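Visitor: Hi! Could you walk me through a few contacts in this one?
Guide: Happy to. Let's get it on screen.

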Amino acid sequence: MDLKTNITPPPSMEKIGSKSTLSNSAFLAEIRYFFKMNKLAFLGFIIIVTLILLALLAPLIIPYPNDVALETHVENKLQPPSADHWFGTDELGRDLFSRVIYGTRVSFQIGLIAIGLAVLIGIPLGLIAGYFGRWVDEVIMRISDVFLSFPPLLLSIAIAALLGPSLTNLMIAISISWWPWYTRLIRGQVVSLRERGFVEAAQAMGVPSWKVIARHILPNSMAPVIVQISMDFGSIILTAASLSFLGLGAQPPLPEWGLLINIGRNFFLTNWWYVTFPGLFIFISVMAFNLFGDGLRDYLDPKTRDS
Amino acid sequence: MNTKHKPWYAIVLVSLFLLLSACSNDKPAKEADTAAEGQPAGGIAVYGSHDDIMTFWDPSDSYSNEIIAMNNMYETLLRYDTKDESFKNILAETYNVSDDGLTWTFTLRKDVKFHTGNDLTAEAAKASIERTIERGKGAAFIWDPVEEINAKDTHTLEFKLSYPAALDTIVSSGYAAFIFDAAAAEENGGEEWFNEGNSAGTGPYSPEKWDRGSQLILDSFDEYWGEWEADQYQKVVFKTIQEANTRLQMAKGGELQFVSQLPNELIKSVEEADGVSVHETESFQQLVMMFNTEAGPLKDSKVRQALAYAIPYDNIIQDVLGNTATQSFGSIPAGLWGHDSSLHQYNQDLDKAKQLLEEAGVDGGELTLTYVSSDEEERQIAELLKIELAKIGFELELKGMLWDAQWDMSKATNPEERQDILLMYWWPDYADPYSFMKNLYASEDEIVFNLAYYKNEQYDQLVDEAQEVAGVDRDKAIELYKQAQQILVEEVPGLSLYDRKYIRVINDSFGGYEDNPAYPNVVFFHDTYKK
């Protein structure tokens with residue numbers, strides 16, 4: 001075995017694991033290089049940052065904060081877009097601009113919590129399965145195969161229908177359908193890493209398993225997870241919107257995008273703006289995450305990196 | 001593409017095209033000039049419904065949306081005409097009632113055949129009603145006053161009652177009063193045979209094809225006792241089209257003769273369209289709000305009164321419903337006997353509501369409201385209620401559900417697991433206030449539709465007494481119903497929000513249609529014709 005090459009940290013480690021060791025200017029140079037290489041990823045990044053700002057500042061910037069859940073003005077129902085109401089009004093006279101922007105906050109919150117839960121379940125299981133192998137690996141991976149055998153949207157629908165329609169159950173349903181993807185991803189990484197010299201060296205020095213996992217394996221297997229998260233965020237927003245559209249997620253009056261479209265489709269022929277704006281926001285945010293995720297994958301994948 | 005494959009592609013494309021065009025065309029209707037005399041030749045009439053058509057096929061058990069098709073396959077002895085408040089003879093030629101109101105005698109038509117090929121006799125009519133009573137499902141309770149049914153001769157049917165109820169309204173009910181060939185049906189397998197899509201009725205149309213969730217096709221019955229004219233429809237199709245926009249487009253495109261329901265917002269665009277028109281008629285349908293009187297903060301009648309004062313009635317009627325409804329007085333809709341516009345009507349008065357809550361020592365809390373998720377009006381009303389109830393300190397959690405799930409939750413064995421407020425529609429089983437007063441608020445041992453879980457002996461007595469005297473002393477029955485309604489207004493176990501008007505979209509070529517709210521959403525297709 002050529003020990004020298006095996007001890008060399010993998011390329012992913014250079015970028016993620018030892019980011020803190022890079023000097024500030026080198027880090028900025030890396031970022032500049034990343035965006036220069038991926039113009040579309042840059043566009044995605046800008047949109048994501050804008051959406052995050054909108055989500056964070058929503059209560060401050062929306063013109064009619066009370067229209068989110070506290071007030072209706074039925075006398076103003078279904079007004080077309082105007083200077084007062086940029087996106088028009090809904091069937092209860094509420095300002096759609098305020099509701100759609102606030103919906104950004106709802107969708108991002110769903111995305112964060114659902115992905116957080118999926119990662120929290122998926123990563124430890126993947127680490128355990130990959131590191132310890134044998135029957136532990138078998139049991140964990142067969143369980144995750146059961147979940148993977150269903151398309152995520154279908155599984156989420158089934159779980160959400162079983163738990164009953166609510167926002168919390170929606171997030172639970174999504175994370176239950178998503179965790180096995182992370183388990184499988186991490187397990188694959190761990191299986192290849194645990195044979196590497198730097199891991200074997202740590203083991204030989206008597207470092208306890210948990211420390212080897214936490215210090216050496218986890219940081220080095222995070223790169224694909226980060227790419228996966230950035231790609232999944234868009235899918236999860238879309239799944240959440242689909243479930244709410246089907247009446248299995250957010251409940252009125254919460255301005256969740258999918259729910260807005262579900263209600264707005266009744267007025268599709270007479271009041272075009274109702275479905276258009278929430279639809280546009282779903283489209284833009286899913287696209288932005290996909291562009292950014294794609295760019296990140298290309299950047300972190302040594303095969304495509306310098307091509 | 002490789003050029004030598006081109007002819008194959010062409011052949012496949014042409015055959016596909018031919019196949020598609022064959023599928024898309026329904027069989028062409030017989031043309032008027034080729035039809036035999038006394039045969040309908042008006043083509044096909046299509047009824048667009050937002051919901052599935054057939055829940056029950058068994059005429060004894062029917063108690064749901066299938067009413068629209070059943071009343072074209074089956075007939076009753078009499079039919080109630082809401083417009084002139086009279087009874088029209090259908091399968092009965094004449095009828096009379098004894099002075100004490102306890103014996104009713106019907107003479108049946110002599111030329112009536114069932115779809116099974118057998119003749120209608122008094123014995124068969126007796127057997128069908130007895131089967132319905134025996135099964136005890138759906139609206140079978142309407143026969144409660146009937147003690148005995150006798151077939152005096154082939155065409156004379158006699159009912160002996162235990163109290164002088166209004167049997168003419170009972171035999172004209174759109175549910176549970178159908179006359180059918182019970183003997184033949186039972187021989188063939190009873191309920192199962194019905195569920196396969198068979199009919200044993202006497203109606204003008206019999207089932208031809210049923211695709212669950214999609215459509216039901218009825219064909220005209222050649223041996224129907226009523227005469228057929230050339231401009232009548234030889235086939236009737238009930239199509240389920242859930243999307244309101246699709247129904248609207250199909251109506252505008254002339255593909256539907258009749259649309260039973262469209263959201264208020266879409267009606268405007270129909271008014272401007274050519275070839276279709278909008279018909280508005282009064283109905284007996286009310287939106288009812290049931291309060292949980294058995295558990296939670298709404299156990300206290302003062303709190304329920306407070307809620308009644310917090311409801312934005314004017315906004316609901318003007319803005320959500322575009323004035324296609326009127327606020328209810330009491331629990332009997334306008335147009336139905338027993339309706340009383342002198343009863344107290346709640347209005348929105350938040351100060352009064354707060355004062356009542358203070359008297360009850362309640363300062364808000366959390367409440368759950370359930371409604372049917374696909375019903376746009378119920379959802380909008382639920383959202384308005386959430387905002388208004390927040391003003392008097394209640395946080396309302398809205399739960400949009402499918403009706404079956406909503407109903408199951410309301411019947412949960414543990415009262416704590418049930419909703420606090422439930423929205424639903426109610427329309428009468430037959431044109432009688434008893435249907436509202438008994439089903440919604442009379443004490444029930446097993447929960448069915450008293451979803452307020454209300455128990456009040458005095459109320460029960462008043463309603464039962466009113467039903468017993470209704471056949472002989474209508475004025476007394478009205479007075480008793482008034483007293484019972486006053487209890488409801490005072491104690492508010494539930495509240496009728498509004499009496500709904502029916503808005504129908506009708507193709508201009510569709511003649512003869514008249515809305516009869518005693519048979520909600522039913523089109524009696526034999527009365528209609530192609531213009």
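Visitor: Which residues of α15(B) meet α16(B)?
Guide: This is a predicted model, to be clear from the start. On the α15(B) side they are B:Gln458, B:Tyr459, B:Leu462, B:Val463, B:Glu465, B:Ala466, B:Gln467 and B:Val469. Their partners in α16(B) include B:Arg474, B:Lys476, B:Ala477, B:Leu480 and B:Tyr481, and also B:Gln483, B:Ala484, B:Ile487 and B:Leu488.

Visitor: And how does the contact of α15(B) with α16(B) split by class?
Guide: That contact has 11 nonpolar, three polar and three charged residues.

Visitor: At what angle do those two helices pack?
Guide: Helix α15 of chain B, residues 457-469, packs against helix α16 of chain B, residues 474-491, at an angle of about 160°. Their axes are 8 Å apart.

Visitor: So are α15(B) and α16(B) roughly parallel or antiparallel?
Guide: Angles over 145 degrees count as roughly antiparallel, and α15(B) and α16(B) are therefore roughly antiparallel to each other. As for handedness, α15(B) passes α16(B) in a left-handed crossing.

Visitor: What about α10(B) and α12(B), left-handed or right-handed?
Guide: The crossing of α10(B) and α12(B) is right-handed. Helix α10 of chain B covers residues 313-320 and helix α12 of chain B covers residues 376-391. They pack at an angle of about 145°, with axes 11 Å apart.

Visitor: Which residues meet there, in α10(B) and α12(B)?
Guide: B:Asn315, B:Ile316 and B:Val320 come from α10(B), and they meet B:Glu377, B:Gln380, B:Ile381 and B:Leu384 in α12(B). By class, that contact divides into four nonpolar residues, two polar and one charged.

Visitor: Switching topic: how many residues of chain A and chain B are in contact?
Guide: There are 22 residues of chain A in contact with 22 residues of chain B. Together the two chains bury about 1900 Å², with 57% of it on carbon and sulfur atoms.

Visitor: How many salt bridges across the interface of chain A and chain B?
Guide: Three are found there. A:Arg94 and B:Glu383 also meet through their side chains in a salt bridge, at 2.6 Å from N to O.

Visitor: Last one: where is A:Met231?
Guide: A:Met231 lies in helix α10 of chain A, residues 209-245. Leaving aside neighbours within four places in sequence, A:Met231 is in contact with A:Phe289, A:Asn290, A:Gly293, A:Asp294 and A:Arg297.

Visitor: And how far apart are the C-alpha atoms of A:Met231 and A:Met287?
Guide: They are separated by 9.6 Å, and the two residues are 56 residues apart along the chain.

How values were computed: Residues are numbered from 1 along each chain as its sequence is written. Chains are lettered from A and ligands numbered from 1 in the order in which they are written. This is a predicted model: local features need pLDDT of at least 70, side-chain atom pairs count only at pLDDT 80 or more; totals for chains, interfaces and linings use all residues. Side-chain values use heavy atoms; hydrogens and water are left out. Axes are lines fitted to C-alpha atoms, for helices over the stretch in contact, and angles run from 0 to 180 degrees between N-to-C directions. Helices (H or I, at least four residues) and strands (E, at least two) are DSSP runs, numbered from the N terminus. Angles under 35 degrees count as roughly parallel, over 145 as roughly antiparallel, 65 to 115 as roughly perpendicular and the rest as oblique. A crossing is left-handed if the near helix is turned anticlockwise from the far one by less than a right angle, and right-handed if clockwise. Contact means heavy atoms within 4.5 Å. Ala, Val, Leu, Ile, Met, Phe, Trp, Tyr, Cys and Pro count as nonpolar, Asp, Glu, Lys and Arg as charged, and the others, Gly among them, as polar. Buried area is the accessible area (1.4 Å probe) that two parts lose on being put together, summed over both. A salt bridge is a side-chain nitrogen of Lys or Arg within 4 Å of a carboxyl oxygen of Asp or Glu.
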